[in-house]
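Let's take a walk through a protein chain together. Have a look at the model first, and then we'll go through it piece by piece.

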Amino acid sequence: MAIKKSSRMPQTAVLKQILKRCSSLGRKQQYDEAGLPFDVPKGHFVVYVGHNRSRHIVPITFLNHPQFQILLQQAADEFGFDHDGGLTIPCDEHVFLALTSSLLTQL
């Protein structure tokens with residue numbers, strides 16, 4: 001009897017893929033010499049949230065928070081990482097804003 005491996009990627013691999021994709025986000029924005037969007041400060045990345053895919057800039061430190069990692073895993077499960085248009089978080093915008101506000105007060 002063979003042991004079936006989980007189809008889920010290890011958490012560190014998911015985080016590495018997210019950080020790798022951060023450099024390709026904001027395609028419609030202007031870029032600096034390093035290829036990064038002008039409006040995204042160092043130490044931050046862009047996510048798209050909700051039905052209307054509203055754009056939000058969040059600190060990279062959020063990647064370490066367990067609640068944010070749940071959102072990232074949901075994004076990986078629903079969309080994968082081979083789609084155009086940046087990192088999309090599959091939740092309602094008001095839920096995302098409540099979570100990020102909570103996380104900012106904890107920093």
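This is a predicted model: local features need pLDDT of at least 70, side-chain atom pairs count only at pLDDT 80 or more; totals for chains, interfaces and linings use all residues.

**Finding your way around**

The chain's secondary structure amounts to 3 helices and 3 strands. Here helices (H or I, at least four residues) and strands (E, at least two) are DSSP runs, numbered from the N terminus. Residues are numbered from 1 along each chain as its sequence is written, and side-chain values use heavy atoms, with hydrogens and water left out.

How much of the chain is tucked away? Of its 107 residues, 36% count as buried, meaning under 20% relative accessible area, with exposed being over 50% and partly exposed in between (1.4 Å probe, protein chains only).

Now for the inside. The largest nonpolar core has 18 residues, and those with the most contacts inside it are Val47, Phe68, Leu87, Ile89 and Phe96. Such a core is a set of buried Ala, Val, Leu, Ile, Met, Phe, Trp, Tyr and Cys residues joined through side-chain atoms within 4.5 Å. The elements giving two or more residues to this core are β1, α2 and α3 (93-106). The largest share, 5 residues, comes from α2.

So let's zoom in on α2. Helix α2 covers residues 66-79, and at 1.5 Å a residue its 14 residues should span 20 Å; the end C-alpha atoms are 20 Å apart, which agrees. (The expected span is 1.5 Å times one less than the number of residues.) Buried residues of α2 include Phe68, Leu71 and Ala75. Just after α2, glycine 80 takes a positive phi of about 70°.

Which residues bring α2 and α3 together? The axes of these two helices come within 10 Å and cross at roughly 145°; axes are lines fitted to C-alpha atoms, for helices over the stretch in contact, and angles run from 0 to 180 degrees between N-to-C directions. Gln67, Phe68 and Leu71 of α2 make the contact with Phe96, Leu99 and Leu103 of α3, where contact means heavy atoms within 4.5 Å.

One last stop is the loop between β1 (44-49) and β2 (54-59), where you'll find arginine 53. Its phi is near 50°, a positive value in a residue other than glycine. Most residues other than glycine have a negative phi. Arginine 53 counts as partly exposed because its relative accessibility is 33%.
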